[in-house]
Amino acid sequence: MSETRIIDASDPAAQNKVVQEAVDLLEVGELVALPTETVYGLAADALNPDAVAKVFAVKERPEFDPLIVHVGSFEQVDEVAEVPDDIKEVVAKLMKAHWPGPLTLVLPKKDCVPDIVTSGLPSVAVRMSGHPVMKAVVRALGRPVAAPSANRFGRISPTSASAVEKELSGRIPAIVDGGACREGLESTIIRPEAGEKRPVLHILRAGPVTKEMLQRFGKIERPKRNRASEVPEAPGQLASHYAPVTPLRLLRDFSDFKPEEGKKYGLLSYCGAEKAGFIDGYDWAHVEQLSPGNGKLAEAAVRFFYVLRALDESGVDEIIAEPVSETGLGVAIMDKLRRASVR
Ligand code: TXA
Ligand code: MG
């Protein structure tokens, strides 16, 4: 593959043409990077194992890490998953409340889903994106679309077409540029299960649909913190992930910061100068703020991967990251910061 074409989706009048170009690629077993509300996805026809194999090759993704399947309607879930009777009700409620949107459900899979999509697991992860481009492409294709985040394995997820270009240029035929992603963090992944009194929702990956938002649907179970040696229930959730090339250190207490002579340090600050933080504590070579000035977690989530990438490209020797409060969206941000700090 030599050249990666950027298809501009900013003009709503041209949307049908853009969607058709993406569908044409998917229909012949090719890949195309598409915007979603969370992060950009690298899309392939989910029912074509050769196309899905290209996704693994292009991302350099290990085959034990299964892909998320995107559907275009509630009915399409039944094409790929067998929803057991005892969770039908809670699954329907979750879909009604959060689809289209950043929530992925892990359900028992149907035979038509190739093993390569699910890494041989008996379950399939399904979500319905609310992004107009992704939604329109899945509907026009009329088949489910496998789409992991459009980055090389273990690297920073892309929240803009230019970030996808940096990750995958020359490896895929096209990227649809639908602007910056609205949520900025990958979907929340849950596995619903029948419980004694209420359904049990196992959160496999924290994301924009928070524990607080899910509580009313059932009892929340969080996975044990992964260790590198353990096989996590969401196999892609390895201890080391979302890693910038530059080493990153999550520092709780600024008094633990002992700068080395001649080393350049960058700061990943939460809310900048107006509130207490590390910003005035040292002459940082480069500073990026997650939520400039006011410390809003939603803003921090949208900016998270963008800011991480900017620090990585700034030429510093080490990135020092301030913690954010671990409530709501802060849970997903802290989870990613911890994984980014593991080498
Ligand atoms: O927001 C998102 O979910 C984005 C956009 C593009 O849709 N996609 C995304 O995909 O984040 P990816 O491949 O980067 O992450 C998928 C995660 C991995 O951690 C994988 O292990 C988990 O989903 N997963 C997929 N199938 C699974 C299954 N059957 N059981 C448990 N975990 C699964
Ligand atoms: Mg990913």
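Predicted model: local features only at pLDDT ≥ 70, side-chain atom pairs only at ≥ 80, totals over all residues.
## Domains

The domain assignment of the protein chain gives two parts: domain 1, built from the segments 5-78 and 108-177, and domain 2, which covers 248-341. The centres of domain 1 and domain 2, taken over C-alpha atoms, are separated by 31 Å. Contact between them involves 9 residues of domain 1 and 6 residues of domain 2.

## Strand pairing around strand 8

Strand 8 (residues 174-177) runs parallel to strand 1 (residues 5-8), and 4 bridges join the two. Strand 8 also pairs with strand 2 (residues 32-34), again in the parallel sense, over 2 bridges.

## The open sheet and its helices

An open sheet is formed by 4 strands in the order 12-15-13-14, with parallel pairing. Strand 12 (248-250) and strand 14 (286-289) stand at the edges, and each has a single partner strand, so one side of each is left without a neighbour in the sheet. On average, and with direction ignored, neighbouring strands of this sheet are turned by 20° against each other. Within the sheet, strand 13 (residues 265-269) and strand 15 (residues 318-321) pair in the parallel sense over 4 bridges, and Tyr265 stands opposite Glu318 in strand 15.

Two helices lie across strands of this sheet. Helix 9 (residues 297-312) lies across strand 12, strand 13, strand 14 and strand 15, and runs at about 175° to strand 14. Helix 10 (residues 330-340) lies across strand 12, strand 13 and strand 15, and runs at about 130° to strand 12.

## Nonpolar cores

The largest nonpolar core holds 47 residues, of which Val77, Leu94, Trp99, Leu105 and Leu214 touch the most other members. Two or more residues of this core come from each of several elements, including helix 3 (77-80), helix 4 (88-98), strand 5 (103-108), helix 7 (161-168) and strand 10 (200-205). Helix 2 gives the most to this core, with 5 residues.

When residues up to four places away in sequence are not counted, Leu94 touches Trp99, Leu103, Leu105, Ile190, Leu201, Leu214 and Phe217. Apart from this core lies another, of 28 residues, among them Tyr270, Cys271, Ala300 and Val316.

Ala51 is found in helix 2 and is buried, with a relative accessible area of 1%. Leaving aside residues up to four places away in sequence, Ala51 touches Gly29, Leu31, Ala44 and Asp45. Ala51 and Ala146 are 95 residues apart in sequence, while their C-alpha atoms are 9.5 Å apart in space.

Ser149 has its place in the loop between strand 7 (145-146) and helix 7. With a relative accessible area of 18%, Ser149 is counted as buried, because the cut-off for that class is under 20%. The side chains of Ser149 and Asn151 are joined by a polar contact of 2.6 Å. Beyond residues up to four places away in sequence, Ser149 touches Val39, Tyr40, Gly41, Leu42, Lys59, Ser157 and Pro158.

How values were computed. Residues numbered from 1 in each chain as written. Chains lettered and ligands numbered in written order. Heavy atoms only, no water. Core = buried A, V, L, I, M, F, W, Y, C linked by side-chain atoms within 4.5 Å. Buried < 20%, exposed > 50% of the residue type's maximum accessible area, 1.4 Å probe, protein only. Contact = heavy atoms within 4.5 Å. Pairing = 2+ DSSP bridges. Axes fitted to C-alpha atoms, helices over the stretch in contact; angles between N-to-C directions. Polar contact = N/O pair within 3.5 Å; in protein donor to acceptor, adjacent residues only side chain to side chain. Domains from an automatic or database assignment.
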